[in-house]
Amino acid sequence: MLDSLGQFGGALAHLLSGWGVLNVFWATLLGIIIGALPGLTATMGVALMTTLTFTMPHEQAILVLVCIYVGAIYGGSRSAILLNIPGTPASACSTLDGFPLARQGLAGRAMGISTSGSWLGTLFGILCVAALTPVLSEIALKFQSFEFFWIAVFGIVIAGTLAGGDPLKGYIAGFLGLFIATIGQEPYYNYQRFAFGSTDIAGGIGLLPALVGAFGVAEVLQAMRGPAVQAVSSKIDSVIPRLEDVFKYWRTILRSGAIGTFIGILPGLGEDTAAWSSYAAARRASKEKEKYGKGSIEGLMAAETGESACVPGAIIPVLTLAVPGSAPAAVLMAAMLIHGLNPGPNLMLQTPEFFYQIVAMLLIADMAKLFFGLTLVRPLLWILLVPRERLMPVVFVLCVVGAYAITSRVFDIYVMLFFGFLGFILRELKFPMAPLILGLVLGDLLEKNLTRGLVLSGGSIAPFFTRPVSGAIAAITIFSILWSIPGFSGRVAGLFRRRPAGGQAT
């Protein structure tokens with residue numbers, strides 16, 4: 001215990017030395033601005049900054065990205081409360097009660113609730129990262145290729161099933177991502193696939209240019225065709241959180257923190273699912289159900305706590321299984337790989353100091369978020385008045401520069417533009433983006449472990465189903481697919497209904 005605290009203290013001191021403090025302040029502030037501006041998302045912010053920070057030392061680069069991630073998820077509540085427009089998808093739930101509170105003249109109090117709930121939610125998630133990551137890493141070390149193959153498949157399937165909307169569209173998006181991940185040279189024998197004689201395509205599709213396009217260019221296109229944003233009112237009461245709001249709803253905070261962290265651990269669901277699930281659970285347990293949707297302090301607290309707890313939760317599977325829990329966590333994992341880090345079961349063995357640095361990064365970002373949330377209310381309101389038509393061209397230029405800066409290849413700009421238009425079309429057709437990104441990220445993990453497992457078993461697929469853990473994950477995966485079929489889920493639900501003596505289902 002003392003040794004762990006010593007290593008954590010050392011990581012904290014190392015990160016805050018030199019340029020560390022300055023990096024924390026500008027990155028967290030930039031993250032809040034990105035989250036507050038409608039049309040910009042946490043994933044886009046992390047993807048863009050990944051391309052612009054890859055020359056920095058790895059610990060400072062990851063610190064910047066964590067601050068962007070934490071700040072952006074929190075910043076979305078500003079426009080949700082004041083404009084009734086979620087700055088990020090995760091903040092959509094906060095509009096239900098945040099905007100009604102603002103219309104009642106309680107915008108400052110609503111932002112205070114948002115700040116305290118977000119700070120406590122992230123803090124709860126940080127404690128879970130510190131407690132669960134070493135345990136899960138020990139378990140993951142016992143996994144072999146058979147188990148990792150099914151974990152990758154399960155991540156894509158569960159993201160497609162629960163990402164919202166039609167599960168079939170989620171599966172299509174996920175397997176489209178898997179297909180794109182196979183483009184290029186085969187990892188063991190360097191056989192070219194789908195290259196069509198092009199040396200650029202034979203080198204594979206770069207993950208970061210694809211992510212920048214899918215979330216950067218696509219967001220620009222979608223924001224430019226969206227409706228104009230109304231000017232925000234400048235009347236703001238005190239934003240200092242009230243202690244009675246925190247103590248009165250402490251059960252809601254703990255419940256939402258646990259729900260948000262758990263959903264973060266599940267691959268691909270993300271902060272928006274955590275916010276809606278926490279909100280629904282709080283409403284079911286509340287004694288003030290009639291206030292929900294009309295300016296409920298408890299409802300806003302639940303949504304903000306849940307989405308912010310999801311951020312550290314989404315990093316847990318990155319550190320233990322190399323499987324991202326959300327779209328921004330997928331970009332963060334790609335950044336770790338670019339900087340020579342090895343997220344996954346071997347992280348605690350090869351670079352245990354990085355685990356303590358991640359915990360310290362999350363804590364630093366959380367405290368910086370609290371500072372800015374309480375002190376820079378008025379400047380953040382001015383930022384919301386920036387016209388979209390002036391902002392989006394700047395974002396597009398950053399997308400182009402970021403895509404080119406990674407490898408200095410013009411081909412990566414074409415990749416970015418292609419995925420930008422692809423992402424825009426998929427969004428217009430109501431396809432979820434999380435399964436697509438997970439397919440891209442997990443494609444390499446899935447293919448390598450499938451091939452390695454077949455080599456170990458002499459070409460037999462039996463161990464993928466007969467090994468206890470592998471078989472259990474396979475069964476859960478198959479059941480998740482079947483459960484998404486309406487007829488199957490209805491029949492299973494019918495089996496559990498009690499039937500009285502007359503034979504009628506109750």
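Is Phe 196 buried or exposed? In this predicted model, where local features need pLDDT of at least 70, side-chain atom pairs count only at pLDDT 80 or more, and totals for chains, interfaces and linings use all residues, Phe 196 is exposed, with a relative accessible area of 77% (exposed means over 50%, buried under 20% and partly exposed in between, with a 1.4 Å probe and protein chains only). Residues are numbered from 1 along each chain as its sequence is written, and side-chain values use heavy atoms, with hydrogens and water left out.

Phe 196 lies in the loop between strand 2 (192–193) and helix 9 (199–202), where helices (H or I, at least four residues) and strands (E, at least two) are DSSP runs numbered from the N terminus. Although Phe 196 is not a glycine, its phi is positive, at about 55°. Ala 322 likewise has a positive phi, near 60°, but this residue, placed in the loop between helix 14 (297–321) and helix 15, counts as buried at 12% relative accessibility.

Helix 10 (residues 207–224) packs against helix 15 (residues 327–338) at an angle of about 155°, with the axes 10 Å apart; axes are lines fitted to C-alpha atoms, for helices over the stretch in contact, and angles run from 0 to 180 degrees between N-to-C directions. The two helices are therefore roughly antiparallel, a term for angles over 145 degrees, whereas those under 35 count as roughly parallel, 65 to 115 as roughly perpendicular and the rest as oblique. In contact (heavy atoms within 4.5 Å), Leu 207, Leu 208, Leu 211 and Phe 215 of helix 10 meet Ala 327, Val 331, Ala 334 and Ile 338 of helix 15.
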